[in-house]
Amino acid sequence: MTVLIAGAGIGGLTTALMLHERGVKAMVVEQAHEVREVGVGINTLPHSIAELAKLGLLERLDEVGLRTRELRYLTRIGQEVWREPRGLHAGHEYPQFSIHRGRLQKVLFDAVVERMGPEAVLTGLRLSGFIQDEAGVTAHFVNTVDGLSSRTIRGEVLICADGIHSVGRRRFYPDEGVPSWAGVVMWRGAAEWPVWEDGETMAIAGGLGAKLVLYPIAPAKDGRQLMNWVVNVRIADASVSPPPPESWSKQASLAKVLPYARRFHVPGMDLEALVRASGPIFEYPMADRDPLPRWTHGRVTLLGDAAHPMYPVGSNGAAQAILDARCLADEMAAAEHPREALYRYEQDRLPKTAEVVRTNRIGGPERVIDEVEKLSPRRFENVDDVLGYEDRKAIVKGYAKMAGFATKQDA
């Protein structure tokens, strides 16, 4: 059996490695001319790192990322709402990683090439369509380099891991339209910066309409490390304004971002100086799509952002794609027929990820900040007087349980 995977992102590459581990042949086809280290920072949760560790990648992750020790939720002006240990420090069997998205992708890509051979990844080819029959899928790809030539590849199964604008998703749901957008734009950047706090802490300040995310994404060296930041601000009325184009490479000017960055305060961090010191600043709309009734149609299914694009809250985007990959590979190895495997994969993963999508829309665990800011829009003396500990815990730990990464103490 050969499984075709459209998309060499985190989900697609992890799926290829998972299938290879289980003796199932896979081929990854990527529209970019080459797999490059694009993007900025992401967090990957312990239950997904567990799957990468089983693939023997933990040592490589330690080389390019860092193990997150603590998470703090703050109001926009820097007052603490919640703090908790993360990963191993919270009692998980595996760490949480703060890591550059492109470096994580490169770790996965290098592992695919080493274990499956360079011919396992084809680049410069964009999925344009496919035809199914009783024995398999014939997928058609257009050359993205010259825009003229094309290629046809045959496999028993096609996995569309080609992102929020997935060709497979559009084929099955042609009337879905543009992604859902609440008017929030994200600006992302990173800079080499003096170690903040213990060098392993992340902070999130402000609610869903105006939020700052701050965390290091590389091990410290000579007292400095790569510090990642994200500023999310609602700047438009989504009912009348369509979302701007999505691209990992769209850049924004410093003058555009600074007025929004100045709205936030994090103790011990000169945010304006950090933003000024950053290299390219990338702009990206915060968008998702409604959960689907089905992912699988015959021998074709969806995975990762193609299946369940979600708001980037709760550190769950990459994690859920990795969990998709594990589940799909397990089912492919166990089932007597590929269509049975894809059906069982969908039955397991669709309802779980749909709940994450819906919960992320209202802020996920970070909703605890919104609730505090609504009750006390200005400075408070004691957060317990604004929203009690058990109420705050119910929001944060309830999300962890729903998303599948609660510790035994939290469950």
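Me: How many aromatic pairs does a search of the whole structure find?
Reply: The search finds five aromatic pairs. Rings of Phe, Tyr and Trp (its six-membered ring) pair if their centres lie within 6.5 Å; planes under 30 degrees apart count as stacked, over 60 as edge-to-face and the rest as tilted. This is a predicted model, where local features need pLDDT of at least 70, side-chain atom pairs count only at pLDDT 80 or more, and totals for chains, interfaces and linings use all residues. Residues are numbered from 1 along each chain as its sequence is written, and side-chain values use heavy atoms, with hydrogens and water left out.

Me: Why is the pair W82 and Y389 stacked?
Reply: The ring centres of W82 and Y389 are 5.3 Å apart and the planes are at 20 degrees, so the pair counts as stacked. W82 is in strand β6 (residues 80–85) and Y389 in helix α12 (residues 389–403), 307 residues apart. Helices (H or I, at least four residues) and strands (E, at least two) are DSSP runs, numbered from the N terminus.

Me: Is W82 buried or exposed?
Reply: W82 is buried, at 5% relative accessible area, while Y389 is partly exposed at 42%. Buried means under 20% relative accessible area, exposed over 50%, partly exposed in between (1.4 Å probe, protein chains only).

Me: New topic. How many salt bridges does the count come to?
Reply: The count comes to 33 salt bridges. A salt bridge is a side-chain nitrogen of Lys or Arg within 4 Å of a carboxyl oxygen of Asp or Glu.

Me: Which residues are linked with E51 in a network of salt bridges?
Reply: R22, K54, R326 and D330 are linked with E51 in that network. K54 and E51 are three residues apart in helix α2 (residues 46–54), so about one helical turn separates them. K54 is exposed at 55%, whereas E51 is buried at 7%.

Me: And what about R326 and E51?
Reply: The side chains of R326 and E51 also form a salt bridge, at 2.9 Å from N to O. That pair links distant parts of the chain, with R326 in helix α8 (residues 317–334) and E51 in helix α2, 275 residues apart. R326 is partly exposed, at 26%.

Me: Last one. Where does R171 lie?
Reply: R171 lies over the face of F130, 4.5 Å from the ring centre. A charge sits over a ring if NZ of Lys or CZ of Arg is within 6 Å of the ring centre and within 35 degrees of the ring normal.
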